[in-house]
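Grab a pencil and open the viewer.

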Amino acid sequence: MVTVDLQPILQRYPNASRDALIPILQEVQEHQGYLSREAVVEIGKHLRLPASKIYGVATFYNQFRFQPQGRNHIQVCRGTACHVKGSAAVLDTLKRELKIDAGQTTRDGQFSLEVVACIGACGLAPVICVNGEFHAGVTTKSIAKILDSYRRKATPNDGNEAA
Amino acid sequence: MITIEVNGRSVRAEKGEMLLSALRRAGITVPTLCHIDGLTPSGACRICVVEVEGQRNLVPSCAFPAADGMKIRTHSPRAVSARRTIVELLLANHPDDCLYCSRNGNCQLQTLAEELGVRQRRFAGDRTRHTLDTSSPSIARDPAKCILCGKCVRVCEEVQSVAAIDFIGRGSRAKIGTAFDEGLNVSSCVNCGQCINVCPTGALTEQSHIKEVLDALDDPNKVVVVQHAPAVSVTLGEEFGLPAGADVAGAMTATLRRLGFDRVFDTGFAADLTIMEEGSELVYRIKNGGRLPMLTSCSPGWIKFVESYYPDFLDNLSTCKSPQQMMGAVIKHYFAQREGLAPSRIYSVSIMPCTAKKFEAGRPEMGNGTDPDIDAVLTTRELARIIRMRGLSLLDMPAETADTPFGERTTAGKLFGASGGVMEAAIRSAHYLITGEEMGNLNVHDVRGLNGVKEARVNIAGLDVGVAVVSGLGNACKLLDQIRAGRSDLHFIEVMTCPGGCIAGGGQPLGTSSEAVRSRMKALYSIDNQEAVRTSHHNESVKRLYAEFLGEPLSEKSHHLLHTHYTRREVLV
């Protein structure tokens with residue numbers, strides 16, 4: 001378990017109340033990559049808020065995640081153009097292939113999935129973005145191939161460091 | 001005072017008072033699914049909408065302040081139609097399994113659908129699918145039946161300061177859950193069941209032990225014994241149409257025998273035993289410089305709360321087990337020995353006003369290895385269900401008395417059912433233990449009543465003892481915070497998890513009003529007024545238990561069977 005010292009962030013919000021919750025959550029996620037249980041507890045102590053409340057607020061917004069990102073981070077565009085061109089089916093297929101929901105990371109740490117609003121590539125719809133690389137005109141059939149290409153890039157020892 | 005006009009009638013209201021409370025006082029019924037008296041209005045369900053002249057939209061009366069001269073229509077066609085539509089929309093995402101629901105016939109959503117004349121499904125569509133949470137030993141959650149009124153969330157946070165649950169997610173995926181959406185069993189939930197009492201539907205229920213108890217009653221090899229808590233006899237009658245506070249102790253004992261229980265014991269006996277142990281412990285702590293203030297340990301929700309939220313107060317907790325568990329221990333040891341029974345043949349059931357007692361009975365501290373001292377716990381509601389199931393008529397039963405050796409109780413033990421009762425019983429006996437004399441007047445009025453915090457100073461033979469009584473964990477927090485900050489004038493504090501004590505416990509009849517709680521409390525004190533033996537140290541059966549088995553309070557045997565220690569609990573708080 002990686003413990004990250006949140007004090008530098010929290011100290012910038014002395015005597016803060018619940019109004020400071022979202023900015024703190026954003027900074028912690030920026031710093032840590034996700035919101036860990038330890039982080040939620042520590043933020044709760046600082047703001048005197050129960051963990052359930054913080055989790056409730058954080059789950060209200062798509063931007064917060066509770067698992068570390070995978071080595072390959074997949075963003076699925078659910079903007080209007082992509083929606084019209086079938087991004088819902090793309091997302092469903094990705095979830096099924098990876099056996100995770102949006103916001104989660106596969107158990108081997110290879111892939112994580114995120115739903116994003118329009119990423120400004122409407123001409124390529126439906127589009128997904130893996131580690132910053134855009135894949136245009138994705139269909140439910142092309143997904144397996146895209147995922148495989150990232151699996152091949154992984155070194156054989158990759159699985160070990162995730163544990 | 002201001003005047004508003006409601007349906008053409010003028011109605012008085014306080015300035016700034018929410019419309020709903022003014023309407024209710026005037027005897028005008030406006031339905032609601034999410035309102036709880038005394039807590040922050042949330043306006044979540046929108047059922048209480050009314051028409052206010054000059055306002056374009058309907059307003060939720062629970063969250064809209066009255067203003068002078070306001071003209072309101074509570075049952076205009078527009079308001080009623082809006083209510084019906086809301087209920088129809090709620091039903092669109094609600095399971096159609098009322099016949100199988102534990103709240104069938106006692107569900108606010110069902111009642112409202114019927115009152116508003118909903119006769120067909122107007123909106124059909126996909127339902128949100130959810131998983132049951134049956135992880136908790138006390139409380140079962142079925143999010144599919146949840147209408148997101150948020151009452152459970154508010155009670156848990158505002159009354160109990162526990163905040164184990166909150167809204168998770170957003171929009172059509174929103175639901176109620178714990179931090180990180182884990183099982184209730186690993187959360188900071190203290191199992192008090194106050195959420196069940198406010199839930200308008202079947203989304204929250206107790207974990208039922210009915211089947212286990214019926215199976216045991218049917219097993220010829222088992223000797224099934226039952227104990228009933230002091231607060232049950234003054235509430236069970238309500239399940240059968242009696243007014244709040246009617247005492248049915250005698251009829252309940254008779255009914256329990258007809259159900260097939262081999263012995264009927266009164267937890268009030270164990271309450272008297274608790275007083276002997278706890279009173280002696282208090283005297284010992286005061287005389288020997290032990291950790292003070294001593295905190296009572298009868299209420300299992302409170303124990304788990306200290307373990308999770310205030311572990312620095314663990315040494316302040318009395319080491320006494322709760323009356324339920326003391327009774328459980330003496331049944332499986334003394335009673336078994338006396339009757340020549342192997343403890344494994346005894347099936348020990350308790351009838352409790354409480355859901356946390358189910359959790360307590362399963363605690364590793366409360367038994368012998370894998371053999372629990374209490375095998376099953378039924379709430380008042382579950383007992384009523386079994387009585388109806390077996391076709392027995394509680395109201396026609398003759399009054400019978402409980403069995404020896406644990407059937408005799410004093411009124412001090414009976415008072416355990418109300419907030420302040422443990423304290424009053426303890427003071428009566430502590431006085432006797434210290435001075436050897438009875439108190440001149442046994443009534444300790446300062447610790448009675450429904451206030452969340454009560455304090456008194458008691459003079460016992462020149463010793464000035466500071467006592468406090470709190471109920472509702474939010475009130476307990478405030479007091480503990482004062483003590484953390486250095487307050488040191490208190491010696492003994494009674495804490496009950498539920499506001500008002502066990503008479504308002506999480507296992508009591510649903511739909512309890514504050515007037516009902518008041519009547520139940522009154523009933524306990526009137527029992528105390530009417531009976532002759534009012535102090536625990538005069539319980540002859542308790543004396544016999546000490547003479548034949550335990551020796552004396554705080555003896556080695558007492559320590560082994562009746563005392564325990566609690567430890568810090570790591571949960572997400």
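**Exercise 1.** Work out the strand order of the 5-strand open sheet in chain B, and find which strands stand at its edges.

*Solution.* Start with the order: it reads 2-1-5-3-4, with mixed pairing. Now look at the ends: strand 2 (9-13) and strand 4 (59-60) of chain B each have a single partner strand, so one side of each has no neighbour in the sheet. Strands here are DSSP runs of E with at least two residues, helices are runs of H or I with at least four, and both are numbered from the N terminus. Two strands pair if DSSP finds at least two bridges between them.

Before going on, some ground rules: this is a predicted model, where local features need pLDDT of at least 70 and side-chain atom pairs need 80 or more, while totals for chains, interfaces and linings use all residues. Residues are numbered from 1 along each chain as its sequence is written, chains are lettered from A and ligands numbered from 1 in the order written, and side-chain values use heavy atoms, leaving out hydrogens and water.

**Exercise 2.** Describe how strand 1 and strand 2 of chain B are joined.

*Solution.* For one spot to check, find Ile2(B): opposite stands Ala13(B) in strand 2 of chain B.

**Exercise 3.** Find how many residues each chain brings to the contact between chain B and chain A, and how much area is buried.

*Solution.* First, count residues: chain B gives 16 and chain A gives 15 (contact means heavy atoms within 4.5 Å). Next, the area: the two chains bury about 1,400 Å² between them, 59% of it on carbon and sulfur atoms. Buried area is the accessible area (1.4 Å probe) that two parts lose on being put together, summed over both.

**Exercise 4.** Count the salt bridges between chain B and chain A.

*Solution.* The rule is a side-chain nitrogen of Lys or Arg within 4 Å of a carboxyl oxygen of Asp or Glu. Applying it gives 3 salt bridges between the chains. Lys53(A) forms one with Glu157(B), and their closest N and O atoms are 2.7 Å apart. Finally, strand 7 (residues 165-168) of chain B provides the largest share of the side of chain B that touches chain A, with 4 residues.
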